[in-house]
Every structure is written in structure tokens, then in C-alpha cells.
Amino acid sequence: MSAPARGDAVILDPPGPEPVGLGRFGEYGGRFVPETLIPALEELEAQFRVAWHDDDFRQEYAGLLAHYAGRPTPVTECHRLSERLGLRVLLKREDLTHTGSHKINNVLGQALLTRRMGKHRVIAETGAGQHGVATATAAALFGLDCTVFMGAVDVERQALNVWRMKLLGAEVVPVTSGSATLKDAVNDAMREWVASVQSTHYCLGSVMGPHPFPWMVRELQRVVGDEARRQCRELLDGADPQYVIACVGGGSNAMGTFAGFVDHCPDVQLIGVEAGGLGLETGHHGAAMTRGVPGVVHGMRSLFLQDEDGQVLEATSISAGLDYPGVGPEHADLGARGRARYETATDDEAVAGFQLLAETEGIVPALEPAHAIGWLAREAGRAVPTGSTVLVTLSGRGDKDAAQLMERLGEL
Amino acid sequence: MTGVADPTNAPAANTRAASEYGPLETRLRERRADGRKLLVPYVTGGLGKDWVDVVRACAAAGADAIEIGIPFSDPIMDGTTIQEASQRALDIGATPVSVIEQAAGADVDVPLAVMTYYNLVAHMGHERFCEALRAAGIAGAIIPDLPLDELRLGGYDEAARHHDVETVLLAAPTTTDERLADICASSRGFVYGVSLLGVTGERTSLADSARRMGERLKQATDRPALLGVGISTPDQAAEAAACADGVVVGSALVRRLLQSGGPDEAQSFVALLRRALDAA
């Protein structure tokens, strides 16, 4: 086993491809925001483009990833789970980062950019609270003011993360409009940004929103996929896994993972697993790739769950992080081009995946990546042939979900 | 001016005959030439059974044009008042088509413009949206999440020009001078100056940025320049109109409608605004 040890240097691959024109990934992407925000987005795009090619910036970012976030994260070979499923399963362990999810990779980069732009405050939206906690953490580290918008429903089901954010000095604003979940938190964060754009950076948490966010967040998350590709080759004698699987809400852990494989390894099959909620047939789910139609919401053209007029529908998922009716535009493009495919796992399958990984490997996943595990367990020997080698990104740890699952599962 | 308008030739705009403008801009230019400050109230379409009567009441009380909101589920440029009004209208069944069709029946001698978000336009299709507005006798459209660059890229601009839908563009306090000139040249009907950094909603006083916005617009263009967002009272309207051609008032009116006010309440509030502007 040759996974890198903690404290190794973090290697950043060269910058990946930029979107075309005004933030386009095929027909998706763009910058559909009120005029007030246009100059800030243009500045952010210009600053990121320069910084991302600047050795000093990259060194500082890599240093934070190594010494603060605890990268590189290992790839863990899952012997008992592999035996159970008849596959060779490898996990990319983003659950082992500081703050417990991949979100930290993105916020450290954006905090550096915030400082570079001379702004002193960050705002963020959060669903499960992981991005909110990560943003509050980076804000504490950099001495920035921080306000996090969180749907009132999510404030309720993620009380631990709310408390953590407050402990870190952030203000948490419960959002009661609409469905009072992630979609509405994004709305309110954008409204607040319109009002405070001159002093405040919007630290968007996923590969979504107006250009340059989908591109920038993918680049700040690609360390996940680039590390995983090298680690897999070490473990697999130079070979790549046949399948690379990650859960998809907005899609940042999946996009970061896929970025390491999409161009380097054209034969690797990329699979995103969305929230199937109560089942696709019930209409209560969060499967924008699978059941969404093209639209323009939250600053981007992408796929969204909508009615026939274009009113956005509420998503349903057991996991707050996947409870979003849209998806990042690069996923929409990868899906349209057939380079990645998108599947779903229901609430029940996610819970089964949560328990399965705990029992077989002693790893308690967050409910979001538990969807990927649940899907894999269902499809082992079917869509994923017996004997296949599979990399799954474990985007976060499950502590935040313990109370919710305790209620659902009762006495074990 | 069927489809021949060129966004780059705007400096020549002030030398054109009035008939070269669409009905919205023609009316606003005429009223301005009469020495009148312009008043454009905003009404959420589909908000209550009598919402079209509210539109008529605004016209009767001295509006120079009327903005009709087509409610959207995720209005990111709107504060809590218009969010609530939009949600209430959606809950009782308002759709883009129903709002446009009902507006057609208003039969007022005041030009109308719809205000909505781009997703609804994209879903209807640019052509169908513009055709529907024309068929309903609606002169203009305001789409705050379709800024200049995307307006040109995505094909909306061609459709709007082809169907003579006057598309009003927004300018913000953060807009650079260079971009402001481009916005003023490309906007039709009027230019909507956002008076402050923020979303729609009432404020206790007029923002300092409003005066600066008005001055910048008047310097940049001959097109009617209206200030909106955060203009809530007759006094604020008069203050804002002193540095621009007029004002858009939305949330202050919609709040009255949400508080069970109907056409009568709307008429008396718009009349107050009218008097304040005329006295200024």
C-alpha cells in the first residue's frame, strides 16, 4: 500500500481547460445575473485567471491544502466491501480533510482570492452545512467576516453544523422563503451579494452559478481527481480504475474527481449519482441530470427540475447536500456529450449504503456519498460487472448525519 | 423601426423622429417634453382577482407607463415584498400566459411593460414570448437577469427587435462608464437606473447613490432615464426625480396590495406619488 502519508507536499496539476466564450460548457453555463453583479464577476474571473497561473498563489494554496486541510487524502482499498460486492473498490477519502469534506479545497482557494481582491467579508450558501462550516473555517483562518445563508429546514436537520459555524464566528441566517432549503439559500445569498458586492465576496460552494464559478470551483476541486488518478496508478500498477463514481448535488466533488480523469483517461467511465429521493416515479427527488430540463436559474444555463412554465420545483432528498433542483453546467455538458453518465439512488438506498460502508469498512460516510455507495451496492454485478475496479469519492464524513439517521434507524 | 435598429448607432438617437421609437419610449419622451416627471408603478401580475383593475387604477391616477410583474419562483433581484407577492400569485394559479392575456384586457391608454426573469422567457421561447407581448398590446419587457452580454449572445435581442418589443436594460451603481454607455445605447423604452446596491424593497430614505446614478444616466444618454429600487414614498420619488426623468415604484405599492389593499388603495397611493412629482 503506497498511499501518501500526511504532510507530503500537495502536487497541483497544471490548470485545466477553461470554458469557452462567456463561461460556456457546450450550450450550458453563462452569466445570467443582475447588472449590479457583472463588474464583480468580471473582476473575479480576471483575478482567478491570473492567480491560477501564478506560482506564488499556487504555492500558498498548495501549502494550505497540505498543512491546514491535511492533504493529500489517501485512497483506501476496501477489502471487505470489495469481497461483498465482487468488485475492487477504492475510496478517495475526502472525509479525512480538515472540516470533514471536500468543501475545504474550494474555500481555501476562494479565501485567498478574497484577500487578493481586498475584500473583508465572505458570504456563502449551505445545504448540509459542510460548505458553510468550511467557509466559516476559512474566514476564521483569514480573519474575514462571514455570513452563511441556510434554509430553515436545513438549520433544523443540521443543528450540529449550525452550532459549529457559530463557534467559528460566522453569522448563520435561516432562509424561510420558498422550500427553505439549498435553492432558497442560494437566492438569498445572491440577493445579499447584490447589496454588499463592493466589500464582500460570494464564496459559492459548488460548480454552479454564474461564470466564473463553475470553472473556478472545478479547478479548486480538481486536486481530488488529480491526486486520485496518481494514487490509483500506484495501487493498480499503472492502470486506471474502470469506473469513477461520485455523488452529484450541485456537483463539486464529482466535477473535481472527474477533472482528474476526463481528459487523462478517456476509457474510464465516469458516473455521477444523484438523489433519487423517494423514487423517480414519485416526482419527489433531486435528480436534475436525470429528470431536469434546460433552463436559466441561479446565473447559469443548465438542467433544472421545473414545471412546464419554467417555475423551479422543490427537490426532495434525505441528504441536505443533494437537495437541490439544479446541477452544475459542466455536468450538463458531460451528460449531453455522453462523457459521463448520471444515475440515481433513493433515500433508502443511500441509507443502506451508509450502513454498508460502516459495517464493512469502519467508515461512516456522509449521506451524500452514501448515495454513490448505495448505487454501487445495487449495481454490482449488473451495471458494474463483477471483477471491475471502481474508485468512489467519499466526499465527506457522516458525523453530521448521525442524529438524523439515529431517528430514522432507531435501535440498532 | 422594424428590425433595423443598430445598437451601435445610439448617439444618433436624439436626432431621430419620435415615431422611430416604440410606443413606450415615444410616450415617455412626449411626457418628458411636456415638462412632466415620469411615474412608472409596478404591479405583480396575477396578485388577486382584481389585479387588472389595479392596473387601470394606476393608469387613472396618472402613471405614465405601468410595469407588470410576471411572477417567478426564484426572483433573485427582488426583496421580500415582491417575493411574497410573486409566491401568492403563483399559488393562486398565475402563469406567464395568464398574466399576459389578462393584461391585454386592461385596455388602458398607458404603455405597459412586463418585468420577469429570463427562465420564463427561455421556456416560452424568445419568439413566442415576443409575439405574445405584441398580441397583448404590451410594449416592453424588463428582464433583470438577462444582462447586456447574454441578451446579445442568446438570440433574445434579435427576437425582441424583430417584434419591436422594447427591452429595458438596467444600469447599476457598479456599472462602469464604458458599459453604461453601451447599456444606454442598447436599451429601448427607457433606461432603468438601479438607485442603490441591493434588491427591490422599501427603504427609509433615498440612497445617496440614487443622485449619482441619475446624474450619470443623464450625462450618458438622451433616452428617458428612470430610477428604481428603494424608492418608497412620495417625498423619495420627488427627490429621485430631481436628478432623473422619473421613477419606478414597486414594493411600496405591492405592500399595500398584499395588505388587502385593492384598486382604490392603489389609485390613492399612485395619485400621491403623482402629486409629489408634479409639485417637485
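**View 1. Helix α9 of chain A is mostly covered, with 20 of its 23 residues buried.** The model shown here and in the other views is a predicted one. Helix α9 of chain A takes in residues 213-235. At 1.5 Å a residue, a helix of 23 residues should span 33 Å, and the end C-alpha atoms of α9(A) are 33 Å apart, so the two values agree. At A:Q221, α9(A) bends by about 40°. A:D237 follows the helix and has a positive phi, near 50°.

**View 2. Chain A and chain B meet in a contact that takes 27 residues from chain A and 31 residues from chain B.** On the side of chain B that touches chain A, at least two residues each come from α3 (80-91), α5 (118-124), α7 (148-153) and β5 (166-171). The largest share of this side is that of α5(B), which gives five residues. Sorted by type, the residues on the side of chain B that touches chain A are 18 nonpolar, nine polar and four charged.

**View 3. Strand β6 of chain B (residues 191-194) has side chains pointing both ways, and all four positions are buried.** Which residues of β6(B) point one way, and which the other? B:V191 and B:G193 point one way, while B:Y192 and B:V194 point the other way. β5(B) and β6(B) run parallel and are joined by three bridges. Within this pair, B:Y192 of β6(B) has B:L170 opposite. Between the two strands the chain passes through helix α9 of chain B (residues 177-186), and this β-α-β crossover is right-handed.

**View 4. Strand β7 of chain B (residues 225-228) runs parallel to β6(B).** Four bridges join β6(B) and β7(B). B:L226 in β7(B) is the bridge partner of B:Y192. Helix α10 of chain B (residues 208-220) makes a right-handed β-α-β unit together with β6(B) and β7(B).

**View 5. B:G93 sits in the loop between α3 and α4 (96-104) of chain B.** Is B:G93 buried or exposed? B:G93 counts as exposed because it has 8 C-beta neighbours inside 10 Å, and the cut-off for exposed is 12 or fewer. Along the chain, B:G93 and B:G46 are 47 residues apart, and their C-alpha atoms are separated by 7.8 Å.

Definitions and conventions. Residues are numbered from 1 along each chain as its sequence is written. Chains are lettered from A and ligands numbered from 1 in the order in which they are written. This is a predicted model: local features need pLDDT of at least 70, side-chain atom pairs count only at pLDDT 80 or more; totals for chains, interfaces and linings use all residues. Two residues are in contact if their C-beta atoms, placed from the backbone, lie within 7 Å. Ala, Val, Leu, Ile, Met, Phe, Trp, Tyr, Cys and Pro count as nonpolar, Asp, Glu, Lys and Arg as charged, and the others, Gly among them, as polar. The expected span of a helix is 1.5 Å times one less than its number of residues. The bend at a residue is the angle between axes fitted to the seven residues ending there and the seven starting there. Two strands pair if DSSP finds at least two bridges between them. A crossover is right-handed if, with the strands pointing away from the viewer, the path from the first strand over the helix to the second runs clockwise.
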